[in-house]
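Please look first at the sequence and the structure shown below. The paragraphs that follow begin with one residue and then widen to its surroundings.

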Amino acid sequence: MRKRGLKFYLSIYRKILIQDLKSKMSYRADFVISTFGMIMTNLAGFITFMILFHNFPTINGWDYYHMLFLYGFSLVALTPVQCFFDNNWNLRFMVQTGDFIKYCFRPVNVFFYFMSEVFDVKGLGQLAFGIGTIVYAWIHIGLEVNVLIILKLILFLFTASLFMIAIMNFAAATCFWLKGSGYVMVIMFRFKDFAKYPSSIFQGVFKVIFTFIIPIAFIAYYPSLVILEPGNVPLLSWLSPLIGLLFFFASYKFWMLGVRRYDFTGS
Amino acid sequence: MGNEALIMNNVCKDFKVLNRHEGLKGSIKDLFSRDYKTVSAVKDVSMTVERGEIIGYLGPNGAGKSTTIKMMTGVLEPTSGEILVNGKEPYRNRTQNCENIGVVFGQRSQLWWSLPLIESFKLLRDLYMVPQKDYEEMIELYRSLVDIEPILHKPVRQMSLGQRTLSDILAAFLHNPAIVFLDEPTIGLDVSMKDKIRALIRGLNKEKNTTVILTTHDMGDVDALCRRIVIIDHGQKIYDNDIEHLKSYFGSYRTLKLKLADNTWEEMLIDEKTTDVMDVIMEKQKEKKITDIKILEISTEDVIKKIYEGGTR
(Lines give C-alpha, C1' and ligand atoms only; values in the text may rest on other atoms or scores of the structure.)
Protein backbone atom coordinates (compact mmCIF):
# COMPACT_ATOMS: atom_id res chain seq x y z
CA MET A 1 0.00 0.00 0.00
CA ARG A 2 1.33 3.42 -0.94
CA LYS A 3 2.14 5.60 2.04
CA ARG A 4 0.85 9.09 2.55
CA GLY A 5 3.55 10.87 4.49
CA LEU A 6 4.37 14.44 5.38
CA LYS A 7 5.62 15.13 1.87
CA PHE A 8 2.34 13.99 0.36
CA TYR A 9 0.33 16.18 2.72
CA LEU A 10 2.50 19.23 2.12
CA SER A 11 2.24 18.88 -1.63
CA ILE A 12 -1.54 18.40 -1.48
CA TYR A 13 -1.89 21.42 0.78
CA ARG A 14 0.18 23.53 -1.57
CA LYS A 15 -1.92 22.50 -4.56
CA ILE A 16 -5.21 23.20 -2.80
CA LEU A 17 -3.83 26.54 -1.61
CA ILE A 18 -2.79 27.63 -5.09
CA GLN A 19 -6.19 26.73 -6.52
CA ASP A 20 -7.93 28.48 -3.67
CA LEU A 21 -5.91 31.68 -4.11
CA LYS A 22 -6.51 31.62 -7.84
CA SER A 23 -10.24 31.39 -7.40
CA LYS A 24 -10.22 34.06 -4.67
CA MET A 25 -8.43 36.51 -6.95
CA SER A 26 -11.03 35.95 -9.63
CA TYR A 27 -13.57 37.57 -7.33
CA ARG A 28 -11.84 40.92 -7.47
CA ALA A 29 -14.31 43.06 -5.52
CA ASP A 30 -14.41 40.50 -2.76
CA PHE A 31 -10.63 40.39 -2.62
CA VAL A 32 -10.27 44.18 -2.50
CA ILE A 33 -12.93 44.63 0.17
CA SER A 34 -11.54 41.92 2.43
CA THR A 35 -8.01 43.32 2.06
CA PHE A 36 -9.30 46.77 2.94
CA GLY A 37 -11.23 45.37 5.91
CA MET A 38 -8.15 43.58 7.13
CA ILE A 39 -6.05 46.76 7.05
CA MET A 40 -8.74 48.70 8.88
CA THR A 41 -9.08 46.02 11.57
CA ASN A 42 -5.37 46.07 12.26
CA LEU A 43 -5.24 49.85 12.20
CA ALA A 44 -8.11 50.10 14.66
CA GLY A 45 -6.40 47.65 16.99
CA PHE A 46 -3.22 49.64 16.78
CA ILE A 47 -4.94 52.97 17.46
CA THR A 48 -6.65 51.54 20.55
CA PHE A 49 -3.25 50.41 21.71
CA MET A 50 -1.76 53.90 21.16
CA ILE A 51 -4.57 55.63 23.04
CA LEU A 52 -4.19 53.23 25.93
CA PHE A 53 -0.48 53.94 26.14
CA HIS A 54 -0.96 57.63 25.84
CA ASN A 55 -2.77 57.46 29.18
CA PHE A 56 -0.74 54.77 30.94
CA PRO A 57 2.92 55.10 29.98
CA THR A 58 3.84 51.85 31.71
CA ILE A 59 1.85 48.78 32.63
CA ASN A 60 3.23 46.86 35.55
CA GLY A 61 6.77 47.94 34.77
CA TRP A 62 6.48 47.31 31.02
CA ASP A 63 7.23 50.40 29.01
CA TYR A 64 5.85 51.42 25.63
CA TYR A 65 8.31 49.58 23.38
CA HIS A 66 8.25 46.39 25.40
CA MET A 67 4.47 46.41 25.22
CA LEU A 68 4.70 47.08 21.51
CA PHE A 69 6.97 44.08 21.12
CA LEU A 70 4.47 41.92 22.99
CA TYR A 71 1.68 43.28 20.80
CA GLY A 72 3.58 42.49 17.61
CA PHE A 73 4.54 39.07 18.93
CA SER A 74 0.91 38.21 19.63
CA LEU A 75 -0.14 39.40 16.17
CA VAL A 76 2.35 37.12 14.46
CA ALA A 77 1.59 34.21 16.78
CA LEU A 78 -2.11 34.55 16.02
CA THR A 79 -1.57 34.47 12.25
CA PRO A 80 -1.44 30.69 11.69
CA VAL A 81 -4.75 30.08 13.46
CA GLN A 82 -6.29 32.77 11.27
CA CYS A 83 -4.73 31.57 8.01
CA PHE A 84 -4.75 27.80 8.25
CA PHE A 85 -7.38 26.84 10.82
CA ASP A 86 -10.18 29.25 10.04
CA ASN A 87 -12.49 26.45 8.91
CA ASN A 88 -12.98 25.61 12.60
CA TRP A 89 -15.57 28.38 12.57
CA ASN A 90 -17.67 26.46 10.04
CA LEU A 91 -17.39 23.13 11.83
CA ARG A 92 -20.53 23.40 13.93
CA PHE A 93 -22.71 24.33 10.95
CA MET A 94 -21.42 21.38 8.97
CA VAL A 95 -21.91 19.05 11.91
CA GLN A 96 -25.45 20.28 12.49
CA THR A 97 -26.53 19.94 8.87
CA GLY A 98 -24.71 16.64 8.39
CA ASP A 99 -22.53 18.07 5.61
CA PHE A 100 -19.51 17.16 7.68
CA ILE A 101 -19.79 13.57 6.50
CA LYS A 102 -18.19 14.42 3.16
CA TYR A 103 -14.81 14.84 4.86
CA CYS A 104 -14.89 11.17 5.86
CA PHE A 105 -14.89 9.77 2.32
CA ARG A 106 -11.37 10.69 1.25
CA PRO A 107 -8.31 8.54 1.86
CA VAL A 108 -6.64 11.28 3.89
CA ASN A 109 -6.66 12.50 7.46
CA VAL A 110 -10.06 14.06 8.26
CA PHE A 111 -8.60 16.93 10.30
CA PHE A 112 -6.17 17.80 7.53
CA TYR A 113 -8.77 17.56 4.79
CA PHE A 114 -11.22 19.71 6.71
CA MET A 115 -8.69 22.44 7.51
CA SER A 116 -7.17 22.43 4.03
CA GLU A 117 -10.43 23.63 2.57
CA VAL A 118 -10.11 27.18 3.85
CA PHE A 119 -7.11 29.46 3.71
CA ASP A 120 -7.87 32.90 5.06
CA VAL A 121 -5.84 35.56 3.26
CA LYS A 122 -6.76 38.16 5.86
CA GLY A 123 -4.18 36.66 8.18
CA LEU A 124 -1.35 37.73 5.89
CA GLY A 125 -1.94 41.43 6.56
CA GLN A 126 -1.89 40.71 10.25
CA LEU A 127 1.41 38.93 9.76
CA ALA A 128 2.96 41.88 7.92
CA PHE A 129 1.65 44.27 10.55
CA GLY A 130 2.97 42.09 13.36
CA ILE A 131 6.43 41.73 11.84
CA GLY A 132 6.60 45.49 11.30
CA THR A 133 5.68 46.11 14.93
CA ILE A 134 8.25 43.63 16.21
CA VAL A 135 11.02 45.17 14.10
CA TYR A 136 10.07 48.68 15.18
CA ALA A 137 10.02 47.75 18.88
CA TRP A 138 13.21 45.70 18.50
CA ILE A 139 15.15 48.69 17.18
CA HIS A 140 13.86 51.02 19.87
CA ILE A 141 14.56 48.62 22.73
CA GLY A 142 18.02 48.17 21.28
CA LEU A 143 18.05 44.37 21.26
CA GLU A 144 20.97 42.81 19.47
CA VAL A 145 20.61 40.97 16.21
CA ASN A 146 22.30 37.64 15.59
CA VAL A 147 21.45 34.30 14.04
CA LEU A 148 20.78 32.59 17.35
CA ILE A 149 18.32 35.18 18.57
CA ILE A 150 16.45 35.15 15.26
CA LEU A 151 16.20 31.37 15.41
CA LYS A 152 14.93 31.63 18.96
CA LEU A 153 12.36 34.19 17.88
CA ILE A 154 11.08 31.95 15.08
CA LEU A 155 10.95 28.88 17.31
CA PHE A 156 9.05 30.66 20.05
CA LEU A 157 6.69 32.36 17.61
CA PHE A 158 5.92 28.96 16.15
CA THR A 159 5.21 27.34 19.50
CA ALA A 160 3.20 30.34 20.66
CA SER A 161 0.97 29.91 17.62
CA LEU A 162 0.31 26.29 18.57
CA PHE A 163 -1.44 27.40 21.74
CA MET A 164 -4.06 29.49 19.98
CA ILE A 165 -4.61 26.80 17.35
CA ALA A 166 -5.11 24.25 20.11
CA ILE A 167 -7.51 26.48 22.04
CA MET A 168 -9.63 26.96 18.92
CA ASN A 169 -9.52 23.23 18.11
CA PHE A 170 -10.81 22.42 21.57
CA ALA A 171 -13.48 25.10 21.34
CA ALA A 172 -14.63 24.07 17.86
CA ALA A 173 -14.70 20.35 18.66
CA THR A 174 -17.17 20.93 21.49
CA CYS A 175 -19.81 21.10 18.74
CA PHE A 176 -19.67 17.31 18.48
CA TRP A 177 -21.16 17.19 21.97
CA LEU A 178 -22.90 20.53 22.52
CA LYS A 179 -25.58 22.36 20.57
CA GLY A 180 -24.63 25.87 21.68
CA SER A 181 -20.95 25.44 20.94
CA GLY A 182 -20.83 28.75 19.06
CA TYR A 183 -20.57 30.60 22.36
CA VAL A 184 -17.61 28.53 23.44
CA MET A 185 -15.75 29.55 20.29
CA VAL A 186 -16.63 33.22 20.59
CA ILE A 187 -15.56 33.35 24.25
CA MET A 188 -12.27 31.61 23.51
CA PHE A 189 -11.65 33.90 20.58
CA ARG A 190 -12.24 36.93 22.83
CA PHE A 191 -9.73 35.66 25.35
CA LYS A 192 -6.99 36.05 22.79
CA ASP A 193 -7.25 39.82 23.31
CA PHE A 194 -5.65 39.32 26.71
CA ALA A 195 -2.64 37.75 25.09
CA LYS A 196 -1.10 41.08 24.20
CA TYR A 197 -0.76 42.17 27.84
CA PRO A 198 1.98 40.98 30.16
CA SER A 199 0.49 38.19 32.21
CA SER A 200 2.17 39.60 35.28
CA ILE A 201 -0.78 42.02 35.50
CA PHE A 202 -3.04 39.09 36.31
CA GLN A 203 -3.11 37.96 39.91
CA GLY A 204 -4.09 34.80 41.77
CA VAL A 205 -6.89 32.84 40.18
CA PHE A 206 -6.69 34.62 36.82
CA LYS A 207 -3.01 33.95 36.57
CA VAL A 208 -3.61 30.25 37.10
CA ILE A 209 -6.49 30.20 34.64
CA PHE A 210 -4.62 32.03 31.90
CA THR A 211 -1.52 29.94 32.38
CA PHE A 212 -2.84 26.42 32.84
CA ILE A 213 -6.51 26.25 31.90
CA ILE A 214 -6.87 28.58 28.94
CA PRO A 215 -3.18 29.11 28.29
CA ILE A 216 -3.24 32.49 26.58
CA ALA A 217 -0.24 33.61 28.63
CA PHE A 218 1.75 31.31 26.34
CA ILE A 219 0.61 33.11 23.21
CA ALA A 220 2.92 36.07 23.79
CA TYR A 221 3.97 36.65 27.36
CA TYR A 222 6.04 33.59 28.26
CA PRO A 223 7.69 33.02 24.87
CA SER A 224 8.57 36.68 24.36
CA LEU A 225 10.37 36.83 27.70
CA VAL A 226 13.03 34.64 26.09
CA ILE A 227 13.84 37.50 23.74
CA LEU A 228 13.09 40.46 25.97
CA GLU A 229 14.70 39.35 29.23
CA PRO A 230 17.41 36.88 28.27
CA GLY A 231 18.96 37.15 31.73
CA ASN A 232 15.80 36.31 33.60
CA VAL A 233 13.74 33.71 31.76
CA PRO A 234 11.17 31.75 33.81
CA LEU A 235 11.11 27.99 33.49
CA LEU A 236 7.66 28.09 31.88
CA SER A 237 9.11 30.09 28.99
CA TRP A 238 11.69 27.44 28.23
CA LEU A 239 9.10 24.73 28.55
CA SER A 240 6.60 26.46 26.28
CA PRO A 241 7.64 24.66 23.04
CA LEU A 242 7.09 21.29 24.69
CA ILE A 243 3.85 22.34 26.38
CA GLY A 244 2.71 23.83 23.07
CA LEU A 245 3.29 20.61 21.17
CA LEU A 246 1.55 18.52 23.81
CA PHE A 247 -1.36 20.91 24.01
CA PHE A 248 -1.76 20.95 20.23
CA PHE A 249 -1.58 17.16 20.07
CA ALA A 250 -4.21 16.87 22.82
CA SER A 251 -6.51 19.25 20.93
CA TYR A 252 -6.09 17.25 17.73
CA LYS A 253 -6.94 14.03 19.55
CA PHE A 254 -9.96 15.67 21.13
CA TRP A 255 -11.13 16.90 17.71
CA MET A 256 -10.73 13.45 16.17
CA LEU A 257 -12.50 11.85 19.14
CA GLY A 258 -15.43 14.12 18.37
CA VAL A 259 -15.47 12.90 14.75
CA ARG A 260 -15.50 9.25 15.85
CA ARG A 261 -18.16 9.83 18.43
CA TYR A 262 -20.44 11.86 16.19
CA ASP A 263 -23.13 9.63 14.75
CA PHE A 264 -23.93 11.53 11.55
CA THR A 265 -27.65 11.54 12.10
CA GLY A 266 -29.94 12.36 9.20
CA SER A 267 -29.49 11.32 5.64
CA MET B 1 -10.14 -12.17 -2.65
CA GLY B 2 -13.34 -13.74 -3.91
CA ASN B 3 -15.76 -12.34 -6.36
CA GLU B 4 -17.75 -10.52 -3.70
CA ALA B 5 -17.46 -6.77 -3.56
CA LEU B 6 -19.42 -6.53 -0.36
CA ILE B 7 -20.45 -8.97 2.34
CA MET B 8 -22.65 -8.19 5.33
CA ASN B 9 -23.15 -10.79 8.03
CA ASN B 10 -25.85 -10.23 10.65
CA VAL B 11 -25.15 -6.53 10.88
CA CYS B 12 -26.91 -4.57 13.62
CA LYS B 13 -26.65 -0.93 14.56
CA ASP B 14 -28.09 0.54 17.75
CA PHE B 15 -28.17 4.18 18.75
CA LYS B 16 -28.40 5.40 22.29
CA VAL B 17 -30.98 8.12 22.60
CA LEU B 18 -31.71 10.20 25.67
CA ASN B 19 -35.26 9.83 26.96
CA ARG B 20 -36.38 13.43 26.76
CA HIS B 21 -38.91 14.87 29.17
CA GLU B 22 -41.41 17.54 28.30
CA GLY B 23 -41.45 21.15 29.43
CA LEU B 24 -38.87 23.34 31.11
CA LYS B 25 -38.72 21.12 34.18
CA GLY B 26 -38.18 18.17 31.92
CA SER B 27 -35.32 19.75 30.04
CA ILE B 28 -33.55 20.60 33.27
CA LYS B 29 -34.01 16.98 34.28
CA ASP B 30 -32.52 15.93 30.93
CA LEU B 31 -29.34 17.84 31.70
CA PHE B 32 -28.47 15.36 34.41
CA SER B 33 -30.35 12.36 33.15
CA ARG B 34 -28.58 9.11 32.35
CA ASP B 35 -31.85 7.68 31.18
CA TYR B 36 -30.99 6.35 27.73
CA LYS B 37 -33.03 4.10 25.52
CA THR B 38 -31.62 2.03 22.72
CA VAL B 39 -33.00 2.42 19.22
CA SER B 40 -32.13 -0.22 16.66
CA ALA B 41 -31.65 1.38 13.27
CA VAL B 42 -30.47 -1.77 11.54
CA LYS B 43 -31.42 -5.25 12.71
CA ASP B 44 -29.58 -8.34 11.61
CA VAL B 45 -29.05 -7.50 7.95
CA SER B 46 -27.04 -9.91 5.80
CA MET B 47 -26.32 -9.68 2.11
CA THR B 48 -23.70 -10.35 -0.50
CA VAL B 49 -23.02 -8.19 -3.52
CA GLU B 50 -21.03 -9.55 -6.45
CA ARG B 51 -18.48 -7.58 -8.39
CA GLY B 52 -19.99 -5.53 -11.19
CA GLU B 53 -23.54 -5.74 -9.88
CA ILE B 54 -25.83 -2.73 -9.61
CA ILE B 55 -27.98 -3.13 -6.54
CA GLY B 56 -31.01 -1.02 -5.79
CA TYR B 57 -31.11 -0.48 -2.06
CA LEU B 58 -34.61 0.65 -1.23
CA GLY B 59 -36.74 1.43 1.74
CA PRO B 60 -39.07 4.14 3.02
CA ASN B 61 -37.69 7.20 4.79
CA GLY B 62 -36.20 6.27 8.13
CA ALA B 63 -35.92 2.58 7.27
CA GLY B 64 -32.19 2.44 8.01
CA LYS B 65 -30.80 2.90 4.50
CA SER B 66 -28.49 5.78 5.34
CA THR B 67 -27.24 4.05 8.45
CA THR B 68 -26.35 0.97 6.38
CA ILE B 69 -24.56 3.08 3.78
CA LYS B 70 -22.62 4.87 6.52
CA MET B 71 -21.52 1.52 7.91
CA MET B 72 -20.52 0.26 4.46
CA THR B 73 -18.46 3.38 3.86
CA GLY B 74 -16.72 3.04 7.22
CA VAL B 75 -18.11 6.16 8.83
CA LEU B 76 -20.13 4.26 11.42
CA GLU B 77 -19.13 1.12 13.24
CA PRO B 78 -21.75 -1.63 13.45
CA THR B 79 -22.88 -2.56 16.94
CA SER B 80 -22.58 -6.20 16.03
CA GLY B 81 -22.05 -8.32 12.95
CA GLU B 82 -19.46 -8.04 10.25
CA ILE B 83 -19.07 -6.01 7.07
CA LEU B 84 -16.44 -6.71 4.45
CA VAL B 85 -15.90 -4.25 1.62
CA ASN B 86 -13.39 -5.54 -0.90
CA GLY B 87 -12.48 -8.14 1.70
CA LYS B 88 -11.73 -5.64 4.46
CA GLU B 89 -13.64 -4.19 7.37
CA PRO B 90 -14.33 -0.58 6.38
CA TYR B 91 -14.52 0.93 9.88
CA ARG B 92 -11.23 -0.60 11.02
CA ASN B 93 -9.25 1.23 8.41
CA ARG B 94 -11.26 4.12 7.07
CA THR B 95 -8.46 5.69 5.02
CA GLN B 96 -7.60 2.49 3.21
CA ASN B 97 -11.25 1.70 2.56
CA CYS B 98 -11.75 5.15 1.08
CA GLU B 99 -9.22 4.42 -1.65
CA ASN B 100 -11.50 1.74 -3.00
CA ILE B 101 -14.89 3.33 -2.75
CA GLY B 102 -16.65 6.30 -4.28
CA VAL B 103 -19.56 8.08 -2.67
CA VAL B 104 -22.17 10.47 -4.05
CA PHE B 105 -24.87 12.11 -1.99
CA GLY B 106 -27.51 13.54 -4.30
CA GLN B 107 -28.01 16.79 -2.44
CA ARG B 108 -24.49 17.40 -1.21
CA SER B 109 -21.61 18.15 -3.49
CA GLN B 110 -18.25 16.91 -2.32
CA LEU B 111 -16.29 18.94 -4.81
CA TRP B 112 -14.41 22.12 -4.09
CA TRP B 113 -17.09 24.73 -4.36
CA SER B 114 -15.15 27.51 -6.04
CA LEU B 115 -12.89 25.44 -8.29
CA PRO B 116 -13.49 24.60 -11.94
CA LEU B 117 -14.30 20.91 -12.33
CA ILE B 118 -11.02 20.08 -14.07
CA GLU B 119 -9.05 21.47 -11.11
CA SER B 120 -11.14 19.39 -8.72
CA PHE B 121 -10.35 16.35 -10.86
CA LYS B 122 -6.63 17.08 -10.68
CA LEU B 123 -6.76 17.49 -6.92
CA LEU B 124 -8.64 14.21 -6.60
CA ARG B 125 -6.08 12.54 -8.86
CA ASP B 126 -3.34 13.62 -6.45
CA LEU B 127 -5.37 12.84 -3.35
CA TYR B 128 -6.02 9.27 -4.52
CA MET B 129 -2.55 9.01 -6.09
CA VAL B 130 -3.99 7.97 -9.45
CA PRO B 131 -1.24 7.45 -12.06
CA GLN B 132 -1.35 10.09 -14.81
CA LYS B 133 -1.98 7.48 -17.51
CA ASP B 134 -5.01 6.00 -15.73
CA TYR B 135 -6.28 9.47 -15.07
CA GLU B 136 -6.11 10.44 -18.73
CA GLU B 137 -7.79 7.20 -19.79
CA MET B 138 -10.60 7.88 -17.35
CA ILE B 139 -11.12 11.41 -18.69
CA GLU B 140 -11.20 9.95 -22.21
CA LEU B 141 -13.84 7.46 -21.10
CA TYR B 142 -15.87 10.30 -19.59
CA ARG B 143 -15.64 12.18 -22.89
CA SER B 144 -17.01 9.17 -24.74
CA LEU B 145 -19.94 8.79 -22.33
CA VAL B 146 -21.08 12.36 -21.72
CA ASP B 147 -20.45 15.78 -23.12
CA ILE B 148 -18.18 17.10 -20.39
CA GLU B 149 -16.67 20.02 -22.30
CA PRO B 150 -19.26 22.60 -21.21
CA ILE B 151 -18.75 21.86 -17.51
CA LEU B 152 -15.05 21.08 -17.37
CA HIS B 153 -13.94 24.66 -16.87
CA LYS B 154 -16.92 25.84 -14.89
CA PRO B 155 -16.66 26.38 -11.12
CA VAL B 156 -18.95 24.00 -9.23
CA ARG B 157 -20.81 26.86 -7.56
CA GLN B 158 -21.99 28.14 -10.94
CA MET B 159 -23.34 24.80 -12.10
CA SER B 160 -26.96 23.76 -12.32
CA LEU B 161 -28.07 20.95 -10.03
CA GLY B 162 -27.92 18.49 -12.92
CA GLN B 163 -24.39 19.48 -13.91
CA ARG B 164 -23.31 19.30 -10.30
CA THR B 165 -24.70 15.81 -9.85
CA LEU B 166 -23.04 14.74 -13.07
CA SER B 167 -19.74 16.18 -11.83
CA ASP B 168 -20.08 14.46 -8.48
CA ILE B 169 -20.69 11.10 -10.13
CA LEU B 170 -17.69 11.54 -12.42
CA ALA B 171 -15.57 12.53 -9.42
CA ALA B 172 -16.68 9.43 -7.52
CA PHE B 173 -15.50 7.13 -10.35
CA LEU B 174 -12.26 8.98 -11.04
CA HIS B 175 -9.97 6.77 -8.97
CA ASN B 176 -11.62 3.68 -10.42
CA PRO B 177 -13.01 2.38 -7.12
CA ALA B 178 -14.33 -1.17 -6.78
CA ILE B 179 -17.60 0.04 -5.27
CA VAL B 180 -19.52 3.26 -5.72
CA PHE B 181 -22.32 4.27 -3.38
CA LEU B 182 -24.93 6.51 -4.95
CA ASP B 183 -27.44 8.03 -2.57
CA GLU B 184 -30.40 9.40 -4.51
CA PRO B 185 -28.34 10.54 -7.48
CA THR B 186 -31.30 11.78 -9.53
CA ILE B 187 -33.14 13.67 -6.82
CA GLY B 188 -34.58 16.94 -8.07
CA LEU B 189 -33.46 16.49 -11.66
CA ASP B 190 -35.52 16.92 -14.82
CA VAL B 191 -36.46 13.97 -16.99
CA SER B 192 -33.74 14.33 -19.61
CA MET B 193 -31.04 14.90 -17.01
CA LYS B 194 -32.21 11.79 -15.16
CA ASP B 195 -31.82 9.85 -18.40
CA LYS B 196 -28.32 11.19 -18.92
CA ILE B 197 -27.27 10.32 -15.39
CA ARG B 198 -28.67 6.80 -15.67
CA ALA B 199 -26.92 6.24 -18.98
CA LEU B 200 -23.68 7.46 -17.45
CA ILE B 201 -23.94 5.15 -14.45
CA ARG B 202 -24.74 2.20 -16.72
CA GLY B 203 -21.83 3.05 -19.01
CA LEU B 204 -19.31 3.38 -16.18
CA ASN B 205 -20.53 0.19 -14.57
CA LYS B 206 -20.13 -1.67 -17.86
CA GLU B 207 -16.74 -0.26 -18.80
CA LYS B 208 -15.07 -0.56 -15.41
CA ASN B 209 -17.09 -3.42 -13.90
CA THR B 210 -17.70 -1.18 -10.91
CA THR B 211 -20.12 -2.41 -8.28
CA VAL B 212 -22.82 0.16 -7.66
CA ILE B 213 -25.00 0.39 -4.56
CA LEU B 214 -27.85 2.70 -5.38
CA THR B 215 -30.36 4.08 -2.92
CA THR B 216 -33.25 5.93 -4.41
CA HIS B 217 -36.92 6.72 -4.16
CA ASP B 218 -37.22 6.99 -7.91
CA MET B 219 -38.39 3.71 -9.40
CA GLY B 220 -37.29 4.96 -12.80
CA ASP B 221 -33.71 4.64 -11.54
CA VAL B 222 -34.36 1.11 -10.39
CA ASP B 223 -36.04 0.02 -13.63
CA ALA B 224 -33.29 1.57 -15.71
CA LEU B 225 -30.30 0.32 -13.75
CA CYS B 226 -30.88 -2.55 -11.35
CA ARG B 227 -31.55 -6.19 -11.89
CA ARG B 228 -31.55 -6.99 -8.23
CA ILE B 229 -33.03 -5.00 -5.41
CA VAL B 230 -32.81 -5.15 -1.65
CA ILE B 231 -35.56 -3.58 0.42
CA ILE B 232 -35.31 -2.81 4.09
CA ASP B 233 -37.95 -1.50 6.42
CA HIS B 234 -37.79 -0.84 10.15
CA GLY B 235 -34.15 -1.83 9.97
CA GLN B 236 -34.84 -5.31 8.64
CA LYS B 237 -34.26 -6.76 5.23
CA ILE B 238 -37.61 -7.69 3.78
CA TYR B 239 -36.75 -8.40 0.17
CA ASP B 240 -33.61 -9.42 -1.69
CA ASN B 241 -34.07 -10.68 -5.22
CA ASP B 242 -34.56 -9.78 -8.87
CA ILE B 243 -37.03 -7.15 -9.93
CA GLU B 244 -39.01 -9.76 -11.89
CA HIS B 245 -39.63 -11.73 -8.74
CA LEU B 246 -40.78 -8.61 -7.01
CA LYS B 247 -43.70 -8.30 -9.38
CA SER B 248 -45.06 -11.65 -8.34
CA TYR B 249 -44.33 -10.96 -4.71
CA PHE B 250 -47.95 -10.51 -3.76
CA GLY B 251 -49.25 -12.80 -6.44
CA SER B 252 -49.43 -11.89 -10.09
CA TYR B 253 -50.97 -8.51 -10.15
CA ARG B 254 -52.24 -6.87 -13.30
CA THR B 255 -54.11 -3.69 -13.84
CA LEU B 256 -57.21 -4.12 -15.94
CA LYS B 257 -58.61 -1.06 -17.71
CA LEU B 258 -62.03 -1.13 -19.29
CA LYS B 259 -63.49 1.54 -21.53
CA LEU B 260 -67.21 1.67 -21.11
CA ALA B 261 -69.89 2.82 -23.50
CA ASP B 262 -70.12 6.23 -21.82
CA ASN B 263 -66.45 6.84 -22.71
CA THR B 264 -65.13 6.47 -19.15
CA TRP B 265 -62.25 4.24 -18.12
CA GLU B 266 -62.67 1.93 -15.19
CA GLU B 267 -59.53 0.64 -13.52
CA MET B 268 -59.04 -2.36 -11.23
CA LEU B 269 -56.13 -4.28 -9.77
CA ILE B 270 -56.44 -8.03 -10.24
CA ASP B 271 -54.51 -10.85 -8.64
CA GLU B 272 -54.34 -13.52 -11.31
CA LYS B 273 -53.73 -16.24 -8.77
CA THR B 274 -57.13 -15.75 -7.18
CA THR B 275 -59.16 -14.17 -9.93
CA ASP B 276 -59.41 -14.83 -13.63
CA VAL B 277 -59.19 -11.73 -15.77
CA MET B 278 -61.64 -13.11 -18.32
CA ASP B 279 -64.22 -13.71 -15.61
CA VAL B 280 -64.02 -10.11 -14.53
CA ILE B 281 -64.51 -8.90 -18.08
CA MET B 282 -67.48 -11.21 -18.64
CA GLU B 283 -69.01 -10.09 -15.38
CA LYS B 284 -68.65 -6.43 -16.32
CA GLN B 285 -70.05 -7.00 -19.78
CA LYS B 286 -73.28 -8.17 -18.29
CA GLU B 287 -73.72 -4.77 -16.61
CA LYS B 288 -72.41 -2.41 -19.29
CA LYS B 289 -71.16 -2.49 -22.82
CA ILE B 290 -67.37 -2.53 -23.03
CA THR B 291 -65.75 -0.72 -25.95
CA ASP B 292 -62.06 -1.18 -25.20
CA ILE B 293 -59.83 -3.29 -22.97
CA LYS B 294 -56.29 -2.77 -21.70
CA ILE B 295 -54.30 -5.09 -19.46
CA LEU B 296 -51.24 -3.54 -17.85
CA GLU B 297 -48.33 -5.09 -16.03
CA ILE B 298 -48.08 -3.74 -12.51
CA SER B 299 -45.30 -1.16 -12.27
CA THR B 300 -42.39 -1.56 -9.89
CA GLU B 301 -43.52 1.61 -8.25
CA ASP B 302 -46.90 0.12 -7.36
CA VAL B 303 -45.33 -2.99 -5.86
CA ILE B 304 -42.87 -0.99 -3.81
CA LYS B 305 -45.67 1.25 -2.65
CA LYS B 306 -47.60 -1.77 -1.44
CA ILE B 307 -44.55 -3.07 0.41
CA TYR B 308 -43.88 0.27 2.10
CA GLU B 309 -47.50 0.52 3.12
CA GLY B 310 -46.99 -2.62 5.08
CA GLY B 311 -48.51 -5.44 3.12
CA THR B 312 -45.51 -7.68 3.58
CA ARG B 313 -46.42 -10.30 6.10
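Thr210(B) is buried, because 22 other C-beta atoms lie within 10 Å; a residue counts as buried if 20 or more other C-beta atoms lie within 10 Å of its own, as exposed if 12 or fewer do, and as partly exposed in between, with C-beta atoms placed from the backbone. This is a predicted model, in which local features need pLDDT of at least 70, side-chain atom pairs count only at pLDDT 80 or more, and totals for chains, interfaces and linings use all residues. Residues are numbered from 1 along each chain as its sequence is written, while chains are lettered from A and ligands numbered from 1 in the order in which they are written.

Where does Thr210(B) lie? Thr210(B) belongs to the loop between α8 and β7 (211-215) of chain B. Helices (H or I, at least four residues) and strands (E, at least two) are DSSP runs, numbered from the N terminus. If residues up to four places away in sequence are not counted, Thr210(B) touches Phe173(B), Pro177(B), Ala178(B), Val180(B), Leu204(B) and Asn205(B); two residues are in contact if their C-beta atoms, placed from the backbone, lie within 7 Å. The C-alpha atoms of Thr210(B) and Ala5(B) are separated by 9.2 Å, although these residues are 205 residues apart along the chain.

One of the residues that Thr210(B) touches, Phe173(B), is among the buried residues of helix α7 of chain B. Of the 13 residues of α7(B), 10 are buried, so the helix is mostly covered. Its buried residues pack against β5 (101-105), α4 (117-127), α5 (132-145), α6 (149-152), β6 (179-183) and α8 (191-208) of chain B. The expected span of a helix is 1.5 Å times one less than its number of residues. The 13 residues of α7 (residues 161-173) of chain B should therefore span 18 Å, and the end C-alpha atoms are 19 Å apart, which agrees.

Chain B as a whole has 12 helices and 12 strands. Of its 313 residues, 35% count as buried. Its C-alpha trace spans about 75 × 60 × 45 Å along its principal axes.

The contact between the chains takes 18 residues from chain A and 23 residues from chain B. The predictor gives the complex an ipTM of 0.83 and a pTM of 0.85. For chain B, the mean pLDDT (the predictor's confidence in each residue, from 0 to 100) is 87, and 96% of the residues reach 70 or more.
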